[in-house]
Amino acid sequence: MVRGRRAAQGATPPAAPVPPPPHPSGAVAPSIPAEFVPKHVAVVMDGNGRWANARGLPRTAGHEAGEAALLDVVAGAIEVGVTHVSAYAFSTENWKRSPEEVRFLMGFSRDVLRRQRDTMSSWGVRVRWAGRRPRLWRSVIKELETAEEMTAENTVCTLTMCINYGGRAEIADAAKAIAHEVAAGRLDPDKITEKTVARFLDEPELPDVDLFLRSSGEQRISNFMIWQSAYAELVFLPEPWPEVDRRSLWRAVEEYASRDRRYGGAVDLAAQEAAAEAVEEAAADAEAVVESR
């Protein structure tokens, strides 16, 4: 990995996870066969500022309202069977925002982790972090590492908080680390494959993104998990992030389940029908042989 992490030493085994509380509306997760449920959902939490401005509120009020949305989406992910959620909390481009908003987002990210880590842990959520250390507040890094340590043994769902993260930055950092390995003679450049690159990403254990979800009607990926999302299904929600909840996630999962994922392959219907007819004819011939005996 590009950056080191403090290992969880002597961690107390986690208590049995408790299910998240039901949605206030009484809505329950749709019944979808496990093979059609995405394992990894990447979430762009967009529209906080626009939601606040439409109500005559400061942009920071939108970010504050988005905290409950994230918690509810994680609850919904657990209920429907999603095992990984990655949330785009602060991008490498967000440093371009006003100093006041940047300061708020740094402090808010730190405080959200502090407020919600116990709840997340009780649900069996493992918290991870993807992103760059430089420029990130030390207090934010401390809370990220504390959350990682205290939830390290949880297995129900993994929430990756992407803070000071950018997809291109992640790939550039991976390329730099691979170059160092080649220069040191520990890696043969002729043997570098896609799997090699994936091993040097921020969170190499993350599975590829199956469902890429973005709120507020914007239809672009904005430099989020561009390597991991190569074959992701894209779903764009019209509502701004503060109005998103687990029901929004469930609708997106149902949309995902209805799509035909071919990974670059194709189905020849004529050949498929011919093969099916051949199987039926072979079965009929076998049955006729048995009856003639």
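The model is a predicted one, in which local features need pLDDT of at least 70, side-chain atom pairs count only at pLDDT 80 or more, and totals for chains, interfaces and linings use all residues. Residues are numbered from 1 along each chain as its sequence is written, and side-chain values use heavy atoms, with hydrogens and water left out. Helices here are DSSP runs of H or I with at least four residues, strands are runs of E with at least two, and both are numbered from the N terminus.

Two packed helices are described by the angle between their axes and the distance between the axes. Axes are lines fitted to C-alpha atoms, for helices over the stretch in contact, and the angles run from 0 to 180 degrees between N-to-C directions. For helix 3 (residues 99–122) and helix 4 (residues 138–150), the axes come within 9 Å and cross at roughly 15°. On the helix 3 side, the contact is made by Met106, Arg110, Leu113, Arg114, Arg117, Asp118 and Ser121, and helix 4 brings in Ser139, Val140, Glu143, Leu144, Thr146, Ala147 and Met150. Contact simply means heavy atoms within 4.5 Å. Sorted by class, the contact of helix 3 with helix 4 has 6 nonpolar, 3 polar and 5 charged residues. In this sorting, Ala, Val, Leu, Ile, Met, Phe, Trp, Tyr, Cys and Pro are nonpolar, Asp, Glu, Lys and Arg are charged, and the others, Gly among them, are polar.

Helix 3 also packs against helix 2, at an angle of about 25° and with the axes 11 Å apart. Helix 2 and helix 3 are therefore roughly parallel to each other, and their crossing is right-handed. From helix 2, Arg59, Thr60, His63, Glu64, Glu67, Leu71 and Val74 take part, meeting Glu101, Phe104, Leu105, Phe108, Val112, Arg115, Gln116, Thr119 and Met120 in helix 3. This contact of helix 2 with helix 3 splits into 7 nonpolar, 4 polar and 5 charged residues.

Helix 2 (residues 59–80) has a further partner in helix 7 (residues 246–258), where the axes come within 8 Å and cross at roughly 45°. Helix 2 and helix 7 are therefore oblique to each other, and the crossing is right-handed. Here Asp72, Val73, Ala75, Gly76, Ala77, Glu79 and Val80 of helix 2 touch Arg246, Leu249, Trp250 and Val253 of helix 7. Their classes come out as 7 nonpolar, 1 polar and 3 charged.

Stepping back to the whole protein, there are 8 helices and 6 strands, running β-α-α-β-α-β-α-β-α-α-β-β-α-α from the N terminus on. Of its 293 residues, 45% count as buried, meaning under 20% relative accessible area, with exposed set at over 50% and partly exposed in between (1.4 Å probe, protein chains only). Among contacts between residues at least 6 apart in sequence, 79% join residues at least 24 apart.

The cysteines come next. A search of the whole structure finds 0 disulfides, a disulfide being a pair of cysteine sulfur atoms within 2.5 Å. Cys157 counts as buried at 1% relative accessibility, and Cys162 is buried at 0%.

Asn164, found in strand 4 (residues 157–165), has a positive phi of about 55° although it is not a glycine. Asn164 is buried, with a relative accessible area of 3%. Ser222 has a positive phi as well, about 50°, and is not a glycine either. Ser222 sits in the loop between strand 5 and strand 6 and is partly exposed at 29%.

Glu218 belongs to the loop between strand 5 (211–214) and strand 6 (233–236) and is partly exposed, with a relative accessible area of 23%. Glu218 and Val44 are 174 residues apart in sequence, yet 9.8 Å apart in space, C-alpha to C-alpha. Leaving aside neighbours within four places in sequence, Glu218 is in contact with Asp46, Arg50 and Phe236. Asp260, in the loop between helix 7 and helix 8 (269–292), is exposed at 53%.

Definitions and conventions. Parallel < 35°, antiparallel > 145°, perpendicular 65-115°, else oblique. Left-handed = near helix turned anticlockwise from the far one by under 90°.
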